[in-house]
Amino acid sequence: MKMKTRLLLLLLLLCVQRSECVRCFAHFHQTSGQCEDELGEVDDEDDCCQNSHYGYQDTDGECHSCGPPVWSPWSPWLPCSVLCGEGVSQRNRKCFGLGECEAGNNVETKACSATCCDGQGWGSWLSWSSCSLSCGVGGVRRRERVCSSPAECRSACSGPSEQTDSCSTHTTCPVHGGWSSWSHWSQCSASCIVEKGSDVIVPTRVRHRSCTSPAPSSDTVPPGNSCPGDSSQVQKCSELPNCPVDGRWGAWSPPGLCSVSCGEGLQLSIRKCDNPAPKYGGHFCEGPSARSSVCQSPCPVDGSWSGWSSWSECSTSCISEGHASVWTRHRSCSNPAPSSSPPGRGCSGGDRQTENCSHLSHCPVDGGWGLWSSFSSCSVTCGIGLQLSGRKCDSPAPKHGGQPCAGAGSRRIICETNVHCPVDGVWSEWSSWSPCKYPFENRDIRCKHHGGSQIRERRCLYRAHNGSICDGHLLTDRRMCYDVNRCYFKGSWAGWSDWSLCSQSCGGNSNRFRERICEPDFSEYRPIGRPPTKPTFYGKPLADCGSLPEGEKKLESQPCLNVPACP
């Protein structure tokens, strides 16, 4: 199969170089003569026409059927060639298929009388519509007219039924305001967060925009709309550290007992630095917290954390697949630092804090094609078909506004089975009826009351490659008859026959004919067979209808007027 595919690809390249390939289609419509469902280009029509249902288009741009030659159905009769008076109407058909169709005309012409003689056509133009715009220039207005002729005379109305015209309102359109871009954020209103009792004062930053892109018009009616929304935005600087709070002494306590566990003890009267206590790196209260004699041995000093630093920038500008974006802040064990001799306790907890930047948007992920699937098996078991291959946009699939995959998600190549499809048989036209003969022996029955029979035949044509035989099994059709050819009969005049078709479909010297019908008297002939069957009278009898009334004709002809010129 791989070798066959390479050969077909090479064939397509040769087609491009030679410009002689034909386009092959999977369907041909016998009524419209149109091809549908293109398969692709092949070397020549023989390759395409291994399937008789296909059609092909060669360099002439016309679509051709791959089937046996058949006439299309007759088209409807066209309108009369003139609007008023005598003219002709035509209908046509086409021969589609490989080869020549059985004998027959592709155009039929009959005389017609047109009655569109009252001069009706388009009515007056209706009023113009209002302008499509309420202000400014570049608007459109429309008006219509109505064809007042009856349906069969519509061709009297040529030209458009609608007109358009440019229009302006002479009124200036209002210009609605549009915001400019946001300015950069201002500096924070303070460098730290202030705590005052139960109140917390967080500094803020501001950015601005102006309604100037464009500014709303004030000299139009109505004036332009102002920009919706606020011209400024305020954001809390929550990432700032807390402001240091300096400690202040509370009241002195009554003197206490002297007690030392290290160094020099004191009998103390103490006061506490809690009004307020120092916070966030603020200064401790100045001055002694006790009044007494000082113990001589120093005591250890335990460490305490400083305030947190500001949050850092996020590690990325957006959140990518499988990777978080984080920001960090730090603090130090220096408020105060633990003493070294004697050793104080260090600060508990970590000096670093990390959090995900969950407020960021996800990074766009552009789609990527997966691998092509293997080509499918050939779509047909005979003739020319297709093999398909596909791929999916899932490596990765597009997300978060990423671009979809560029290019096609499917591809196809022509495959050739080298097997001709079955060609079904098509009935030929019936032959003419044979002469009326006595069925059992060579007996002359002309002009006698002895019944006979006649036959006509047809053939099942074009069947090939094990195609189906024609529907129905009737190759021969038989009917009962009397042979009245050139036999004398009394008759009676029965009016005119229908007018014939015009003798020529184009050019001059086209005529039509009709004749008086002289009906022979066949009343003495009885039905034939069991059960009795109405017979057919074969041949042209010598009917005697007597003379026509004075001034009347037996044969009448008329010229077909306004016949189209021959191409």
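Visitor: How many positive and negative side chains does the protein chain have, and how far apart do the centres of the two sets lie?

Guide: There are 54 positive and 56 negative side chains, with the two centres 4 Å apart. Lys and Arg count as positive, Asp and Glu as negative, while His and the chain ends are not counted. Each charge is placed at NZ of Lys, CZ of Arg, CG of Asp or CD of Glu. Bear in mind that this is a predicted model, where local features need pLDDT of at least 70 and side-chain atom pairs pLDDT 80 or more, while totals for chains, interfaces and linings use all residues. Residues are numbered from 1 along each chain as its sequence is written, and side-chain values use heavy atoms, leaving out hydrogens and water.

Visitor: Why does Gly197 count as exposed?

Guide: Exposed means over 50% relative accessible area, buried under 20%, and partly exposed in between (1.4 Å probe, protein chains only). Gly197 has 73% relative accessibility, so Gly197 counts as exposed. You'll find Gly197 in the loop between strand E11 (194-196) and strand E12 (199-201); strands are DSSP runs (E, at least two residues), and helices are runs of H or I with at least four, numbered from the N terminus.

Visitor: Why is Asp37 called partly exposed, and Asn418 exposed?

Guide: Asp37 has a relative accessible area of 47%, so Asp37 is partly exposed. Asn418 has 54%, so Asn418 is exposed. Asp37 sits in strand E2, and Asn418 in the loop between strand E18 (410-416) and strand E19 (426-427). Phi is near 60 degrees in Asp37, and near 60 degrees in Asn418 too.

Visitor: What makes up the largest nonpolar core?

Guide: A nonpolar core is a set of buried Ala, Val, Leu, Ile, Met, Phe, Trp, Tyr and Cys residues joined through side-chain atoms within 4.5 Å. The largest has 13 residues, and Leu39, Val42, Cys48 and Tyr54 have the most contacts inside it. Strands E1 (22-28), E2 (35-42) and E17 (384-390) each give two or more residues to this core.

Visitor: Which peptide bond is cis, ending at Pro336?

Guide: That's the bond from Asn335 to Pro336, with omega near 5 degrees.
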